[in-house]
Each structure stands twice: as structure tokens, then as C-alpha cells.
Amino acid sequence: MSEAKSTHSVKQITVTLLDQHYQVPCADEEQELLLEAVRLLNQQLEATRSRGKLLNRERIALMVAVNLAADLQRTRQALEDREQDLRMVEQRLQQLVDRARGSE
């Protein structure tokens with residue numbers, strides 16, 4: 001009996017951030033996601049750098065990281081709010097169904 005093993009090929013992808021090249025390990029199935037993330041990060045890094053202040057790379061990266069983390073937290077909160085709204089709608093629908101069944 002042979003076992004099926006998951007064979008996720010991992011490659012080294014070269015990415016460039018703030019004119020620096022980095023080798024990043026990446027599974028084949030995640031490569032597009034990684035490249036999209038790098039594009040987003042580069043946009044944010046370049047936007048921060050172009051604001052005219054003389055900031056070092058570390059400071060720029062830190063500012064972008066904090067902004068992206070805040071964006072992520074806002075998105076998570078919005079998702080939680082929507083999930084709570086859905087639960088309330090489900091409860092109301094169940095009440096209506098229960099009421100309709102009671103009047104049959």
C-alpha cells in the first residue's frame with residue numbers, strides 16, 4: 001500500500017522592495033499571492049518614500065507595516081460586524097418561522 005504524499009514544490013522567488021533584492025521561499029501554489037502582496041507592499045513603500053521626507057528604509061518599512069496592520073484590523077472588525085449582523089438576521093428569521101409554525 002502506498003501513501004500519497006503532498007508534494008508542494010517550494011522555489012526561491014526574488015522580490016525587490018525599496019531597491020533591495022530579497023530571496024523569499026514560496027510554494028508554487030502561493031506564488032501569485034506572494035507576488036500580489038509584494039506589489040501592494042511596493043506601492044505602499046513607494047508612496048511613503050515619495051512623501052518627501054528623508055526617511056531610512058527601516059522607518060519607511062515600519063510605517064507601512066503599521067498602516068497595513070491597521071487596515072487588516074479594520075477589515076477583520078468589519079467582517080466580525082457583518083457576521084454579527086448575519087446572526088441577528090438568522091435569529092429573526094427563525095423567530096418568524098417559529099411564529100408561522102405556531103399559527104398553522
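These are my notebook entries on a predicted model of one chain.

**Entry 1: overall layout**

I began with the secondary structure. I count 2 helices and 2 strands in the chain. Read from the N terminus, the order is β-β-α-α. I then checked how spread out the chain is. Its radius of gyration is 24 Å, well over the 13 Å that the globule rule gives for 104 residues, so the chain is more spread out than a compact globule. I also took the box along the principal axes. The C-alpha atoms fill roughly 70 × 60 × 15 Å. Last, I looked up burial. Buried residues come to 12% of the 104 residues.

**Entry 2: the loop between β1 and β2**

Next I went through backbone angles. Most residues other than glycine have a negative phi. Leu18 sits in the loop between β1 and β2. Asp19 is also a non-glycine residue with a positive phi, about 65°. Asp19 has its place in the loop between β1 and β2.

Are Leu18 and Asp19 buried or exposed? I find Leu18 buried, at 4% relative accessible area. Asp19 counts as exposed, at 52% relative accessibility. The cut-off for exposed is over 50%. Asp19 comes up again in the next entry.

**Entry 3: salt bridges**

I searched the whole structure for salt bridges and got 6. I followed several of them up.

Which residue pairs with Asp28? The partner is Lys11, and the closest N and O atoms are 3.7 Å apart. Lys11 belongs to strand β1 (residues 10-17), while Asp28 is in the loop between β2 (20-27) and α1 (31-49), so this pair ties together parts that are 17 residues apart in sequence. Asp28 is partly exposed at 34% relative accessibility. Lys11 is partly exposed too, with a relative accessible area of 40%.

Then I turned to Arg39. Its side chain meets that of Glu36 in a salt bridge, N to O 2.6 Å. Arg39 and Glu36 are 3 residues apart in helix α1, which puts about one helical turn between them. The side chain of Arg39 also meets that of Glu32 in a salt bridge, at 3.3 Å from N to O. I note Arg39 as partly exposed, with 40% relative accessible area. Glu36 is partly exposed as well, at 42%.

I also found a network of salt bridges. Asp19, Glu46 and Arg49 are linked in it.

**Entry 4: patches on the surface**

I finished with the surface. Where does negative charge gather? I find a patch made of Glu80, Asp81, Glu83 and Asp85. Asp85 lies in helix α2 (residues 57-102). Its relative accessible area is 46%, so I logged Asp85 as partly exposed.

A nonpolar patch came up as well. Val89, Leu93 and Leu96 form it, and together they have about 260 Å² of accessible area. I placed Leu93 in helix α2.

Key:
Residues numbered from 1 in each chain as written. Predicted model: local features only at pLDDT ≥ 70, side-chain atom pairs only at ≥ 80, totals over all residues. Heavy atoms only, no water. Patch = residues over 30% accessible without salt bridge, like charges linked within 9 Å, V, L, I, M, F, W, Y side chains within 5 Å. Areas by Shrake-Rupley, 256 points an atom, 1.4 Å probe, with all protein chains shown as cover. Salt bridge = Lys/Arg side-chain N within 4 Å of Asp/Glu carboxyl O. Lys, Arg positive; Asp, Glu negative; His and termini not counted. Charge placed at Lys NZ, Arg CZ, Asp CG, Glu CD. Helix = DSSP H or I, 4+ residues; strand = E, 2+ residues; numbered from the N terminus. Buried < 20%, exposed > 50% of the residue type's maximum accessible area, 1.4 Å probe, protein only. Rg over C-alpha atoms; globule rule 2.2 N^0.38 Å.
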